[in-house]
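Hi everyone, thanks for making time for this. I'd like to walk you through one structure, so please have a look at it before I start talking.

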Amino acid sequence: MNLSRKRKKELRRLQQDAGRLWESQQVLVGHAADIAREAGRQLGNFNREQIMPTVHDSYERHLAPTVDRGVKFGKHVVDDRVVPIVGGVVGTALSAWDVANKKRQDLGWGPRHVAPPKKSMGIGSVIAIVLGAAAAIGVVAAAWQALRADDELWVADDPLSPPNA
């Protein structure tokens with residue numbers, strides 16, 4: 001498509017104006033990024049210097065005593081109430097168990113202390129022994145094949161002559 005010189009000149013001027021606008025926008029965006037970075041740094045300083053001490057002080061004054069009281073009360077309940085009750089119940093149950101076992105032994109009903117019978121070899125032991133013996137036989141057979149003298153495997157000292165064509 002052919003453009004007249006006047007249109008080409010207008011298009012070049014428009015392109016230059018667009019390039020200058022783009023450059024100015026890049027500079028503006030760079031300044032905005034610098035300002036945002038500085039604002040973030042200042043916000044961090046404000047948080048560290050003003051907000052965190054206030055929150056920490058408020059926590060120490062209001063929430064920490066309540067939490068400490070709750071922890072102390074919970075520890076008191078567990079140490080002074082629950083542990084003695086559970087210990088007493090477990091102790092009583094074990095004493096009753098011991099008395100019952102003693103009665104059974106006295107009457108001859110309880111388990112007698114008899115040595116458990118010796119276990120014989122199971123099927124797993126037999127299979128392991130058979131597999132071990134088979135592996136040993138395989139190793140011996142492989143060694144025998146590798147080390148035996150074989151007359152068919154000799155190599156001639158003189159090279160073979162090529163066949164006549």
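Of the 165 residues in this protein, buried ones make up 2%. Please keep in mind as we go that this is a predicted model. In accessible area, the protein exposes about 15800 Å², and carbon and sulfur atoms supply 65% of that.

What about the secondary structure? It comes to 2 helices and 0 strands. Helix α1 covers residues 5–107, and helix α2 covers residues 123–147.

Let's begin with helix α1 and its charges. Where do positive charges gather on the surface? Arg5, Lys8, Lys9, Arg12 and Arg13 form a patch of positive charge there. I'll take one of them, lysine 8, which is found in helix α1.

Now for the pairs. Side chains of opposite charge can pair when their charged atoms come close. How many salt bridges are there in this model? The count comes to 6, and I'd like to show you three of these.

The first stop is aspartate 34 with arginine 37. Their side chains meet in a salt bridge, with 2.9 Å from N to O. These two residues are 3 apart in helix α1, which means that about one helical turn separates them. As for the surface, aspartate 34 is partly exposed at 42% relative accessibility, while arginine 37 is exposed, with a relative accessible area of 57%.

Next, please find aspartate 57 and arginine 61. Here the side chains also meet in a salt bridge, at 2.1 Å from N to O. Both residues lie in helix α1, 4 residues apart, or about one turn of the helix. Aspartate 57 counts as partly exposed at 36% relative accessibility, and arginine 61 is exposed, its relative accessible area being 55%.

For the last pair, go to aspartate 106, which forms a salt bridge with lysine 102. The closest N and O atoms of that pair are 3.9 Å apart, and the limit for a salt bridge is 4 Å, so the pair is counted. Aspartate 106 is exposed, with a relative accessible area of 55%.

Which residues form a nonpolar patch on the surface? They are Met121, Ile123, Val126, Ile127, Ile129, Val130 and Leu131. Together these residues have about 720 Å² of accessible area. One of them, leucine 131, lies in helix α2. At 58% relative accessibility, leucine 131 counts as exposed, because the cut-off for that word is over 50%.

How values were computed
Residues numbered from 1 in each chain as written. Predicted model: local features only at pLDDT ≥ 70, side-chain atom pairs only at ≥ 80, totals over all residues. Heavy atoms only, no water. Patch = residues over 30% accessible without salt bridge, like charges linked within 9 Å, V, L, I, M, F, W, Y side chains within 5 Å. Areas by Shrake-Rupley, 256 points an atom, 1.4 Å probe, with all protein chains shown as cover. Lys, Arg positive; Asp, Glu negative; His and termini not counted. Charge placed at Lys NZ, Arg CZ, Asp CG, Glu CD. Buried < 20%, exposed > 50% of the residue type's maximum accessible area, 1.4 Å probe, protein only.
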